[in-house]
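Let's take a walk through a protein together. Have a look at the fold, and then we'll go from the overall picture down to a few single residues.

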Amino acid sequence: MPSVFQIVLPVAAAFFYVSSALSLKRASELGAGIWHSAFVSNVLAGLIFQVLLVLGGHWQPLSLWWQPLLTAFLFLSGQIWSMIALQKGDVSIITPVMGVKILMVAVFTTVLVTGGLPWQLWLAAALSTSGIACLNHSGAHRTGTSTANATRTITYAALAAASFALFDVLVQKWSPAWGIGRFLPLTAGMQGLLSFAIIPLFPSPLTRLPSPAPRWLVTGGAFMGLQSLLFVSCIAYFGSATASNVIYSSRGLMSLAAVSLIGHWFHSTEKGLTPSVLRWRFTGATLMFAAIILVLV
């Protein structure tokens, strides 16, 4: 049975993720690009994570600093692959493939950390992944996407999922020796510095973004950094990447609720779901709820 904080932290992270997604989408509608969003989110996360320094830990020899560097690189790699997938393909393909991250976390945890996971977590990961696919089935009727383009999109999304999954598992594996007050601030700081490499990908300088895009961009980036702080800290402290990812997958449900209830605050236009889409999303919600129950018991 997970502790209360092991449940609350991923749920709170999911809430802030939804808030971030709505804010960044609004910034995009006002002229900000996806690379602007990635850069601002990473830099702000690098700053936000420094609050964990007060928790202390053990600075490791410089010969081991490749661990946080590799972990930071994996996160940035996942981010870049997901951005390329979004640019090249359809969200209806990308999001279900990204959902396989939960299964990848279970596999990497088994290979690199524990040597085995209880059947409940394997089943929960599979149910959660299936639920994500159902929640995003609304775009499955679209046509016009070539087989070659679909294959490329799936490849990019799978690489992103693998990078993010390995990031989560390495945080679980290496944080104990450093302490979360050392490993996570250093990793996030390196991640922020590595993000300067994507500046050449900006469609236009940040200083030239039309108002009020920067305000929405900073708000979304701050929420993204906060959700990352809560979620990654949970993995580092409790050491259960698979369970945390299953609970965190509730963000899919929160996204639906947020768009329906408060989407107008962010000028969202995602309304008018058809009965077919509602049935698929109800199925997805049921599968994800079952996955979370499996983790909790």
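What follows starts with the chain as a whole and then zooms in.

A quick word on what you're looking at: this is a predicted model, where local features need pLDDT of at least 70, side-chain atom pairs count only at pLDDT 80 or more, and totals for chains, interfaces and linings use all residues. Residues are numbered from 1 along each chain as its sequence is written, and side-chain values use heavy atoms, with hydrogens and water left out.

So what is the chain built from? The protein chain has twelve helices and zero strands. Here, helices (H or I, at least four residues) and strands (E, at least two) are DSSP runs, numbered from the N terminus. Of the 297 residues in the protein chain, 48% are buried, and buried means under 20% relative accessible area, with exposed being over 50% and partly exposed in between (1.4 Å probe, protein chains only). Now think about who touches whom, with contact meaning heavy atoms within 4.5 Å. Among contacts between residues at least 6 apart in sequence, 90% join residues at least 24 apart.

Next, find helix 1 (residues 4-29) and helix 10 (residues 241-248): their axes come within 8 Å and cross at roughly 45°. Axes are lines fitted to C-alpha atoms, for helices over the stretch in contact, and angles run from 0 to 180 degrees between N-to-C directions. Helix 1 and helix 10 are therefore oblique to each other; angles under 35 degrees count as roughly parallel, over 145 as roughly antiparallel, 65 to 115 as roughly perpendicular and the rest as oblique. Which residues make the contact? On the helix 1 side they are Gln6, Ile7, Pro10, Val11, Ala13, Ala14 and Tyr17, and on the helix 10 side Ala243, Ser244, Ile247 and Tyr248.

Now hop over to Tyr156, which you'll find in helix 7 (residues 147-178). Leaving out residues up to four places away in sequence, Tyr156 touches Trp81, Ile84, Ala85 and Lys88. Tyr156 and Ile84 are 72 residues apart along the chain, yet their C-alpha atoms are separated by 7.0 Å.

Last stop: Val97, in helix 4 (residues 91-98). Is Val97 buried or exposed? Val97 counts as buried, because its relative accessibility is 16%. Again not counting residues up to four places away in sequence, Val97 touches Ile154, Ala157, Ala158 and Ala161. As for Thr129, it lies 32 residues from Val97 in sequence and 8.7 Å away in space, C-alpha to C-alpha.
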